[in-house]
Amino acid sequence: MIDNKFKELGLKSFILRAIEYLGFEEPSQIQTESIPLGLKGYDLIGQAQTGTGKTMAFASIVLSNMEKNKKGIKTLVITPTRELAIQVQEEFRKVGKYAYFRSLCVYGGQPIEMQIRSLQYDQDIIVGTPGRILDHISRGTLSFPDLKFLIIDEADEMLNMGFIEDVNEIIKGLPVDRQTMLFSATMPQEIRDLSRRYMKNDRKYISIVKNSMTVDKVNQYFYETKDNYRFEILCRILDRDEPESALIFCKTKKGVDELISSLLDRGYSVDGMHGDMTQSKRLSALSKFKNKTVDYLVATDVAARGIDIEGISHVINYDLPQDTESYVHRVGRTGRANKEGIAVSLVTPKEYMVLKDIEKNIRSKIYRREIPTIDEIFLKKSENVLNTIKETLSTNDFKEFIPLALQLDEDYNMIDVSAALLKLNFQNQLSYDYKENDISGKEEVRLFISIGRSNNLNIKKLLSFIEANCDIDTDEVRNIRILENFSFITIPERYKEIIMRNCNYKILDGAKVRIQLARPKENKN
């Protein structure tokens, strides 16, 4: 059954049904504080970090209050990046699983003709980036006479990327009789001015900004992955590192059940716990983990509260948590009693900014690690096999098998026999049928750019500069970092020569641009 705390927020039954299907056990703080006010129709300003659950919050508000069977676009969500727009639309799809509203993403880098064709059909929700939204408005392919909800997501990023004037231009043409929700991790003066200019006087301000937190005695790492490789990478970590005792966290109850089943199928020693399990089942799983009857325990955040077990060597975030507090709570399960612990997170490219926010809040570096290769796993398992054989030889407890060995010696070379037996033993050590040695998918490179904020550079200017000089899709330029005197970007390797040939030594805002491959140390930034 769904947690009563979600029911208390006042959401429509089809939203609660979707949340139950997704497996979330309880609302985050931003959801708890914003949803009841949003459902009453108040304009909202939410100051909260990326990954706190704000997207589910505003999607739940909008879908609960949006009228069905009314033609025209009812909701507009403005986001700074294509990646975030896609992520927001996906959240609307998940939360609105049983609502049957239509949504469309509009962003640069995708042929506008395809979007124009989609706009010929009735759409309830538009999610998009400022430039492409303005483009459609100027063409007359997008208008908002019936708009009821406006969401401005990651407003401070919009400001940093130079999009705030575009946002102003969009809002000027929208109906005044609407509900507006603005979310931002920080509240610079320009964002405050925006809220005063376009939001109602009785708007509500919600702040989920927390004090910085630290995690002592824990070595923190992350592996970058794609969703379809997530499980194999977990297996590679378990097979190479062989944690003595690992607590593995998933976001949802459904995720816990699926991961336990997959790990058991491959012979791992594992149990799990989440809110839908009976108290006796949870206590049994916890007891087995505490007594080392099982090596790994898979759990959700809610179910893992109160776990205080010494000797947990690893905490593994199979899914990143919703917020920094949850991350600190998870990681704090290891590194106890003056012992060092290890925390590992599996992170997709679209979660990279969430990871950076966590780093900033905990004031601690989370280091990138390379995905374990089959060669490394082979080396580790080979050491195990050799150590087992050496221990058996030292005990002399194998005499009854000497006649069998002599029989084999008559027909085969004993080196070949030993190698065959080693192979059988080695295969028994592996739980996953690994195929490719390297699954990191490394087809990207990191570039160093010789100008930064001191040259008045921002993300919008940099992308415009690249687009003006190179015939490439700038939506594939990611992990952009504008520092004081220089910058970094990550690009597909196929773009490396194009950018370096066409942009190097060109002038941008009066400064000569120099571009080169980032050094390995810089690559970790």
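How many aromatic pairs does the structure hold? Six, it turns out. Before I go through a couple of them, please keep in mind that this is a predicted model.

So, how do we talk about ring pairs? The description comes down to the distance of the centres and the angle of the planes. Take Phe 58 and Phe 183: their ring centres are 5.5 Å apart and the planes sit at 40°, so we call that pair tilted. What I like here is where the two partners come from. Phe 58 is in helix α4, residues 54-65, while Phe 183 is in strand β6, residues 179-184, so that pair links distant parts of the chain, 125 residues apart. Both Phe 58 and Phe 183 are buried.

Tyr 268 is in the loop between α12 (253-265) and β10 (270-273), and Tyr 296 is in strand β11, residues 296-299. That's 28 residues apart, and again the pair links distant parts of the chain. Are these tyrosines buried or exposed? Tyr 268 has a relative accessible area of 8%, which is under the 20% cut-off, so it counts as buried. Tyr 296 comes in at 6%, so it is buried as well.

Lys 204 lies over the face of Tyr 42, 4.6 Å from the ring centre. Arg 369 does that with Tyr 221, at 3.7 Å from the ring centre.

Okay, on to the nonpolar cores. The largest one has 52 residues, and the ones with the most contacts inside it are Leu 76, Leu 182 and Ile 499. Which helix gives this core its largest share? That's α20, residues 459-469, with five residues. If you click on Leu 76 and leave out residues up to four places away in sequence, you'll find it touching a whole list of side chains, including Ile 126, Phe 144, Phe 149 and Leu 174. Apart from that core lies another one, of 42 residues, with Ile 30, Ile 61, Leu 63 and Met 66 among them.

Back to α20, and how it packs. Helix α20 meets helix α21, residues 496-503, at an angle of about 90°, with the axes 9 Å apart. That makes the two helices roughly perpendicular. On the α20 side the contact is made by Phe 465, Ile 466 and Asn 469, and on the α21 side by Ile 499, Asn 502 and Cys 503. You've met Ile 499 already: it's one of the residues with the most contacts inside the largest core.

Most residues other than glycine have a negative phi. Tyr 100 has a positive one, about 65°, and it is not a glycine. Tyr 100 lies in the loop between α5 (82-95) and β3 (103-106), and at 68% relative accessibility it counts as exposed. Asn 456 also has a positive phi, near 65°. Asn 456 is found in the loop between β15 (444-449) and α20, and it counts as exposed at 55% relative accessibility.

Methods:
Residues numbered from 1 in each chain as written. Predicted model: local features only at pLDDT ≥ 70, side-chain atom pairs only at ≥ 80, totals over all residues. Heavy atoms only, no water. Phe/Tyr/Trp six-rings, centres within 6.5 Å; stacked < 30°, edge-to-face > 60°. Helix = DSSP H or I, 4+ residues; strand = E, 2+ residues; numbered from the N terminus. Buried < 20%, exposed > 50% of the residue type's maximum accessible area, 1.4 Å probe, protein only. Lys NZ or Arg CZ within 6 Å of the ring centre and 35° of its normal. Core = buried A, V, L, I, M, F, W, Y, C linked by side-chain atoms within 4.5 Å. Contact = heavy atoms within 4.5 Å. Axes fitted to C-alpha atoms, helices over the stretch in contact; angles between N-to-C directions. Parallel < 35°, antiparallel > 145°, perpendicular 65-115°, else oblique.
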